[in-house]
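Subject: Structure handover

Hello,

Here is the structure I said I would pass on. My notes on it follow below.

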Amino acid sequence: MSSDNQPPCAPDPPLTCAVCPRLVGLRSELRARHPDWFNAPVPSFGADDPRLLIVGLAPGMRGANRTGRPFTGDYAGDLLFETMLEFGFAEGAYAADPGDGLTLRQALITNAVRCLPPENKPTGAEIKACRPYLLATLDQAPSLAAVLVLGRIAHDTFLTALGMRKSAFPFSHGAEHTLPGPRPLRLFDSYHCSRYNTNTGRLTPAMFKSVFSRIRETLDREV
Ligand code: URA
């Protein structure tokens with residue numbers, strides 16, 4: 001699955017990863033200010049052999065960066081987990097806490113960048129530095145059939161990681177693409193379920209659910 005000759009790595013960065021100086025700087029500041037927070041690269045969360053991979057952007061400061069689980073404690077997580085529960089991709093109850101017992105079914109959630117970036121804006125270099133972990137995550141998901149990218153940056157990051165041209169698979173909310181390869185993947189685009197996008201009405205719960213409904217249909221068809 002790897003698009004280049006990078007050496008294989010683990011699917012999650014070490015908690016002490018020091019590759020991106022800007023992100024390490026922010027992490028150190030936050031460790032001093034909030035020693036009880038997670039403040040480290042956030043590992044993926046979900047099923048061991050997922051059929052659906054959800055790719056977010058990066059941990060939110062008081063969400064995943066605080067709790068250590070993607071989208072957990074974030075405003076964005078409320079809509080994401082509610083929708084995953086509705087469409088059978090999660091089981092239990094989401095309580096914005098990694099100890100809530102929520103489990104994901106057939107799905108894995110990861111982020112294009114695993115560390116908290118200032119102002120939620122990772123640089124191109126930071127996205128590139130985290131790419132080996134996205135590729136390693138894919139390599140460890142042999143049953144993957146669908147990928148949901150949340151927002152344009154996740155979309156572009158995913159295509160670049162696979163060595164595919166962005167112009168061949170343009171991002172738009174609700175778009176579906178079939179990615180060629182030894183194991184064809186169905187790529188679903190959605191606007192990110194961020195507070196900004198939901199508060200401004202750019203992404204409504206109905207729009208988000210409609211994407212999940214198509215993912216569910218696609219996966220059920222392919223069983
Ligand atoms: N929290 C995450 O883990 N990822 C996002 O993209 C946004 C919030």
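Two strands are taken to pair if DSSP finds at least two bridges between them. With that in mind, Thr178 has Arg186 in S8 as its bridge partner. Please note that this is a predicted model.

The sheet

S7 and S8 run antiparallel, and four bridges join them. The two strands form a hairpin with five residues between them, and in that hairpin Gly181 takes a positive phi near 150°. On the other pairing of S8, strand S6 (residues 146-150) runs parallel to strand S8 (residues 185-190), with five bridges between the two. One of the residues involved is Val149, whose bridge partner in S8 is Asp189. S8 is mostly covered, five of its six residues being buried.

These strands belong to an open sheet of six, in the order S1-S5-S2-S6-S8-S7, with mixed pairing. Strand S1 (45-46) and strand S7 (176-179) are the edge strands, since each pairs on one side only. Strands of a sheet pair through backbone hydrogen bonds, either parallel or antiparallel. Helix H3 (residues 75-86) lies across S1, strand S2 (52-56) and strand S5 (107-111). The helix H3 runs at about 165° to S5.

Helix H1

Helix H1 covers residues 21-33, which is 13 residues. At 1.5 Å a residue it should span 18 Å, and its end C-alpha atoms are 18 Å apart, so the two values agree. Which residues of H1 are buried? They are Leu23, Leu26, Arg27 and Leu30. Seen down the axis of H1, these buried residues fall within an arc of 100°, so they line one face of the helix. The buried residues of H1 pack against helix H2 (64-67) and helix H4 (124-139). On the face of H1 turned away from the buried side are the exposed residues Pro21 and Ala32.

Arg69

Arg69 is in the loop between H2 and H3. Is Arg69 buried or exposed? Its relative accessibility is 5%, so Arg69 counts as buried, the cut-off for buried being under 20%. Apart from neighbours within four places in sequence, Arg69 is in contact with Val42, Phe45, Ala64, Tyr94, Asp97, Pro98, Asp100 and Leu102.

Cysteines

How many disulfides does the structure hold? It holds zero. Cys17 is in no disulfide, and the nearest cysteine sulfur, that of Cys115, is 6.0 Å away. Cys130 is in no disulfide either; its nearest cysteine sulfur is that of Cys115, at 6.4 Å. A disulfide would need a pair of cysteine sulfur atoms within 2.5 Å. Cys17 is buried, with a relative accessible area of 13%. Cys130 also counts as buried, at 11% relative accessibility.

Regards

Conventions:
Residues numbered from 1 in each chain as written. Predicted model: local features only at pLDDT ≥ 70, side-chain atom pairs only at ≥ 80, totals over all residues. Heavy atoms only, no water. Expected span 1.5 Å × (residues − 1). Buried < 20%, exposed > 50% of the residue type's maximum accessible area, 1.4 Å probe, protein only. Arc of directions from axis to C-beta. Contact = heavy atoms within 4.5 Å. Axes fitted to C-alpha atoms, helices over the stretch in contact; angles between N-to-C directions.
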